[in-house]
Amino acid sequence: MKVGVIMGSDSDLSVVNGTLNVLKDFGVAYDLRVISAHRTPDIAFDYAKNAEANGIELLIGCAGKAAHLPGVLAGISPLPVIGLPIKSSTMDGLDSLLSIVQMPSGVPVATVAINGAENAGLLAVQILSVKYADLRQKFKDYKVSMAQSVIAKDAKVQGA
Ligand code: RP5
């Protein structure tokens, strides 16, 4: 099982690390690349064209500003694409969000929140867990542990 994590720039990495950490926690292998839809369009095309044949099962496109990368990947590859809008400009990431989420009919990009790196990783795990039963169990465990941590916080404030 392998996920392609493609960033438009290395300046996106500090945010994208949140996605990588989730994938590591769940034991999902990834192929991390810096490929720009605008600055290296030929490489973006080749990557998307060959991703499936290269054993990639899902793509996570991470980009800021006029964030066309996830949409370009989705236009070329049959693989599911998750879009991670990066808050990288003077517009607080709204430009990135709208560039990624407002896809035309027929070419979906599952878009998470601006800088929603952790959710991009978790959504990737959930999609892959349709095929990989061990991931489904890990995700169930994750949900239990998340609930327990909130219950512990609730108990703490009740005693305050
Ligand atoms: C986008 O432009 C990248 O994804 C990045 O978020 C933004 C700025 O890139 P740099 O100018 O920092 O390389 O393509």
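**Salt bridge and ligand site**

Mentor: The count comes to one salt bridge, a side-chain nitrogen of Lys or Arg within 4 Å of a carboxyl oxygen of Asp or Glu. The model is predicted, so local features need pLDDT of at least 70 and side-chain atom pairs count only at pLDDT 80 or more, while totals for chains, interfaces and linings use all residues. Residues are numbered from 1 along each chain as its sequence is written, and side-chain values use heavy atoms, with hydrogens and water left out.

Trainee: Which residue forms a salt bridge with Lys 131?

Mentor: Glu 57 does, and the closest N and O atoms are 2.5 Å apart.

Trainee: Turning to the ligand, which residues surround it?

Mentor: They are Gly 8, Ser 9, Ser 11, Asp 12, Arg 39, Ala 63, Gly 64 and Ser 88, where near means a heavy atom within 4 Å.

Trainee: How far is a polar side-chain atom of Ser 9 from an oxygen atom of the ligand?

Mentor: The distance is 2.6 Å for Ser 9. A polar side-chain atom of Arg 39 lies 2.8 Å from a ligand oxygen, and one of Ser 88 lies 3.4 Å from a ligand oxygen.

Trainee: How much of the ligand does the protein bury?

Mentor: Taken alone, the ligand exposes 360 Å², and the protein buries 77% of that, by the Shrake-Rupley method with a 1.4 Å probe.

Note on methods. A polar contact is a pair of N or O atoms within 3.5 Å; within protein, one must be able to donate a hydrogen and the other to accept it, and residues adjacent in sequence count only if both atoms are side-chain atoms.
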